[in-house]
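Student: I'd like to go through this one by asking where the labels come from. Can you show me the sequence and the structure?

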Amino acid sequence: MWTIFTDKVRKAFTDAADQYDILTSLHKEIGRELVKKTARLDAARILDVGCGTGYVANKAKFFFPESAIVGLDLSEGMLGKARQLHEGIPIDWVQADAQALPFKAETFDLLLSSLAYQWAEDLSAAFQEAYRILRPGAVFNITLFGGRTCEELFLSLTANNPQFKARSLPGVDQTREALGRAGFGHVDIDFELIKIEFKNVFELLQWLKAIGANTTDLDTIFLGKQMLARVDEYYHKHFPYNAGICASFEVIWAYAQK
Ligand SMILES: C[S@@+](CC[C@H](N)C(=O)[O-])C[C@H]1O[C@@H](n2cnc3c(N)ncnc32)[C@H](O)[C@@H]1O
């Protein structure tokens with residue numbers, strides 16, 4: 001169940017900034033693939049939206065040493081970490097919301113973004129902003145977590161708490177529609193389902209919190225000890241994986257052109 005509130009997202013990622021890099025090998029693997037996909041393009045100005053601690057922006061600088069790179073994020077904590085980790089590398093770090101980009105129309109040749117757009121309260125508005133600041137012919141190349149992400153957790157919560165109503169992250173169709181509404185053409189969308197093993201529900205919830213991904217309705221329901229124990233038992237029974245449990249992460253890959 002994922003209802004998005006931008007202020008909560010900002011705070012959660014600021015709280016997570018210090019430990020984020022140690023815990024996110026999945027994010028790095030996806031970010032590296034994302035940048036590689038566009039590495040042969042000719043792009044003088046590149047924007048990384050939701051740059052977090054700057055992994056994608058820094059990789060972009062490696063592939064495009066002559067280009068001007070901007071890393072943009074909502075969270076001052078994540079940007080502070082990005083500045084620290086990539087000190088001396090000529091990347092501009094900007095604090096702003098993807099739904100209101102502080103740039104003139106037609107400024108960038110390439111927009112990269114990895115695992116950030118699922119946090120936009122209004123995906124269409126965010127894509128419209130992306131469209132506005134891209135030059136005609138520019139490329140939009142992103143990943144985002146899709147609707148099946150953590151589906152086992154939400155099923156286990158719903159089964160043990162009838163008031164818990166699951167609401168999904170954007171899926172492939174919603175992403176395609178939002179891109180079309182924003183005006184993008186040549187849209188190419190793909191997805192993959194990645195399964196990760198955790199010891200139990202407690203470990204999964206701790207991990208989600210530690211990487212800043214706890215800004216969902218998860219934090220608005222009361223998960224007492226007994227309830228959590230029931231959810232954990234249900235999860236182990238229905239979604240076992242080796243000696244632990246399995247959590248799915250749907251990653252949507254979207255590539256489009258203005
Ligand atoms: C899961 S992290 C991904 C960070 C980085 N792209 C990576 O792959 O490691 C999501 C990032 O998106 C940022 N974010 C969330 N909502 C945003 C918004 N509306 N505008 C800008 N950044 C946002 C968060 O602050 C966080 O740093």
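Tutor: Let's start with a definition: a residue is buried if 20 or more other C-beta atoms lie within 10 Å of its own, exposed if 12 or fewer, and partly exposed in between, with the C-beta atoms placed from the backbone. Helices (H or I, at least four residues) and strands (E, at least two) are DSSP runs, numbered from the N terminus. This is a predicted model: local features need pLDDT of at least 70, side-chain atom pairs count only at pLDDT 80 or more, and totals for chains, interfaces and linings use all residues. Residues are numbered from 1 along each chain as its sequence is written.

Student: What makes E5 "largely enclosed"?

Tutor: Nine of the 12 residues of E5 are buried, so the rest of the structure largely encloses this strand. For the protein as a whole, buried residues make up 44% of the 258 residues. There are nine helices and eight strands in the protein.

Student: How do you know that E5 pairs with E4, and in which sense?

Tutor: Two strands pair if DSSP finds at least two bridges between them. E4 and E5 have six bridges and run in the parallel sense, with Phe108 standing opposite Leu134 in E5. Between E4 and E5 the chain passes through helix H5 (residues 123-133), and this β-α-β crossover is right-handed. That label applies if, with the strands pointing away from the viewer, the path from the first strand over the helix to the second runs clockwise.

Student: In which sense do E5 and E8 pair?

Tutor: E5 and E8 pair in the antiparallel sense, over seven bridges. Phe140 stands opposite Ala256 in E8.

Student: And how many bridges join E2 and E3?

Tutor: Strand E2 (residues 68-73) and strand E3 (residues 91-95) share five bridges in the parallel sense. The chain goes from E2 through helix H4 (residues 76-85) to E3, again as a right-handed β-α-β crossover.

Student: What makes something a nonpolar core here?

Tutor: It's a set of buried Ala, Val, Leu, Ile, Met, Phe, Trp, Tyr and Cys residues joined through C-beta atoms within 7 Å. The largest one has 55 residues, and Ile46, Leu111 and Leu112 have the most contacts inside it. Strand E5 (residues 134-145) gives the most to this core, with seven residues. A second, separate core of 13 residues includes Leu157, Ile211, Ala213 and Tyr235. As background, nonpolar side chains tend to be buried together in soluble globular proteins.

Student: Which residues does Leu112 touch?

Tutor: Contact is when the C-beta atoms of two residues, placed from the backbone, lie within 7 Å. Not counting residues up to four places away in sequence, Leu112 touches Leu34, Val35, Ile46, Asp48, Val56, Ala60, Asn141 and Ile142.

Student: Which residues of H2 and H3 meet?

Tutor: Lys28, Gly31, Arg32, Leu34 and Val35 in H2 meet Tyr55, Val56, Lys59, Ala60 and Phe63 in H3. The axes of helix H2 (residues 25-37) and helix H3 (residues 55-63) come within 9 Å and cross at roughly 35 degrees. Those axes are lines fitted to C-alpha atoms, for helices over the stretch in contact, and angles run from 0 to 180 degrees between N-to-C directions.

Student: Why is Gly146 called buried?

Tutor: Gly146 has 23 C-beta neighbours inside 10 Å, so Gly146 counts as buried. This glycine is in the loop between E5 and helix H6 (151-160). The C-alpha atoms of Gly146 and Pro170 are separated by 5.5 Å, although the two are 24 residues apart along the chain.

Student: Why does Gly212 count as buried?

Tutor: Gly212 has 25 C-beta neighbours inside 10 Å, so the label is buried. Gly212 is found in the loop between H8 and H9. Gly212 and Thr14 are 7.8 Å apart in space, C-alpha to C-alpha, and 198 residues apart in sequence.

Student: Why is Asn242 called exposed, and why is Glu106 called partly exposed?

Tutor: Asn242 counts as exposed because it has 8 C-beta neighbours inside 10 Å. Glu106 has 13, so Glu106 counts as partly exposed.
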